[in-house]
Each structure stands twice: as structure tokens, then as C-alpha cells.
Amino acid sequence: MLVLQMGTLFAQDLNEGIISKVSEYNMVYPYTQKPLGYAFDALEPSIDAKTMEIHFSRHHLAYVNNLNSALEKSSESNMKLLSIFLSMSKYPMSVRNNGGGHYNHQLFFEMIAPGGANMPYGNLLTAINSTFGSVDKLKEAIFTAGKTQFGSGWAWLSVNKDGALFVSSTPNQDNPLMDITPKQGIPVFGIDVWEHAYYLKYQNKRADYLDAVWKIVNWTELERRYNEALKALGK
Ligand code: MN
């Protein structure tokens, strides 16, 4: 009985109808890495080539392999990854850590891809200004979330069920789609603040890394994600 009662404590702001309209909804077992759309050194000097290579070829790949191992004997392996996130509280830690690890990294490597707009524009710019006051204020909010996340985790910009932007952080490989996350939403942008994302170049200087990542944000991809999230929410 206690378990059933506790189930209602988990966030249920998002549902299958909403997340089925998000482009990553097609992610399903067996999971594979999307090829990195650029060279390891393409984000220099913000992120050095060696860090990118290790991050993509070892860390991300390990999440993918471990997620497949965790699900291969599961009767629910045919569940979409985003659907698993909606009922994350029912799954073992191996699925939570590696499912989040795979999804978060796939997004991250597209959110910092070179070639897109280097400034916010369009609907997302309008929403940033009306929600936070300015792009600088948003940057401040994300930096605070990233710097104050104790230990490993992520800083996020997301859209909640009402279509409003909000900034949050999550520990480990959790993300805003998961029911175990206090503030649920569809991610528009996320920064990996695990030490493996920056330690070779920045050592303990997480703030310097956050500042560098801000310079390589692909605002074209964020604008796409923002518009897609609003559409999924029927806004
Ligand atoms: Mn990482």
C-alpha cells in the first residue's frame, strides 16, 4: 500500500501524448550512438579534441552499451526510452543512469554542434526575454544551476507543461523528462557538468568551462527544440 501511495508523489506533468511528438521519441532498444556530426576538434578552443574524443567514444558509448545490457533480458525492452523516463521510478538504477546517460549525451552533442546560429533568435529569444529579462540573465541562471549542482549532474533549460521556460539542475544522469525529477519539462538545452566533460582542460574550474560552453551553443538547434516542445504541448 505504501508503494502505491508513494507512486502519486512522482511528477506527472508530461504524458505519452506529449512526449510522442518530441523527435527523440523514436529512440528504442537496441540503442546506438548517433554519429557525431563534426570532428573532435571542431569545438576548440572551448572544448578540446581529446576531451570530445573520450567523452563521445568512451563515456557516451559506455552508457549506450550498459543501457542495452540492462534491458536485453527485460520484457519491457520494446518501450520507448522517453516512455521509460515518464515512469522512471519503476525502473532499476542501471536503466535510470544509463538511459539518462545515453539520452542526455545525444542531446548535448547536438546542442553544442558548430555551424548553427551563435545567438538566440526567433521565438526562443522572445521567450527568454519575457521569462528571464535578458539573455544575460538566462546565462546567469544556467551558470548558477551548473555551478551549484553538487557533484556530477546537468544544468537545464526546459519547457514545462504550461509552455513556460525554466532553469533547473539534475544529479547524475537524471533529466527533466523523468518522473523522479521535481521540476518536469521538455529539455531545450542542457550542459553536462560531470568532471569528465571538462577536467582535462579546466580541471576544477567548472565556471570557466560553463563560460566556454556558452560560446558554442547551437542556437539553431535550441530554437528548433523550443518550437517542437511548444507544439508537443499544444501551445
Ligand atoms: Mn558526459
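This is a predicted model: local features need pLDDT of at least 70, side-chain atom pairs count only at pLDDT 80 or more; totals for chains, interfaces and linings use all residues.

Let us begin with helix α6, which spans residues 122–132. Which of its residues are buried? They are Leu124, Ala127, Ile128 and Phe132. Viewed down the axis of α6, these buried residues fall within an arc of 105 degrees, so they line one face of the helix. As a general point, an α-helix has 3.6 residues a turn, so residues three or four places apart point the same way. On the other side of α6, Thr126 and Ser130 are exposed.

Against what do the buried residues of α6 pack? Their partners are the helices α7 (135–148) and α10 (219–232), together with the strands β1 (153–159), β2 (165–171) and β3 (186–192). Just after α6 comes Gly133, with a positive phi of about 105 degrees.

I turn now to the backbone. Most residues other than glycine have a negative phi, and most peptide bonds are trans. The loop between α2 (16–19) and α3 (49–71) contains Pro30, and a cis peptide bond joins Tyr29 to Pro30, with omega about -5 degrees. Pro45 also lies in the loop between α2 and α3; the peptide bond from Glu44 to Pro45 is cis, with omega near 0 degrees.

Finally, positive phi values. Asn172, in the loop between β2 and β3, is not a glycine, yet its phi is about 55 degrees. Asn172 counts as partly exposed, at 37% relative accessibility. Gln203, in the loop between α8 (199–202) and α9 (206–214), has a positive phi near 45 degrees. At 30% relative accessibility, Gln203 counts as partly exposed.

Conventions. Residues are numbered from 1 along each chain as its sequence is written. Side-chain values use heavy atoms; hydrogens and water are left out. Buried means under 20% relative accessible area, exposed over 50%, partly exposed in between (1.4 Å probe, protein chains only). Helices (H or I, at least four residues) and strands (E, at least two) are DSSP runs, numbered from the N terminus. The arc is that of the directions from the helix axis to the C-beta atoms. Contact means heavy atoms within 4.5 Å.
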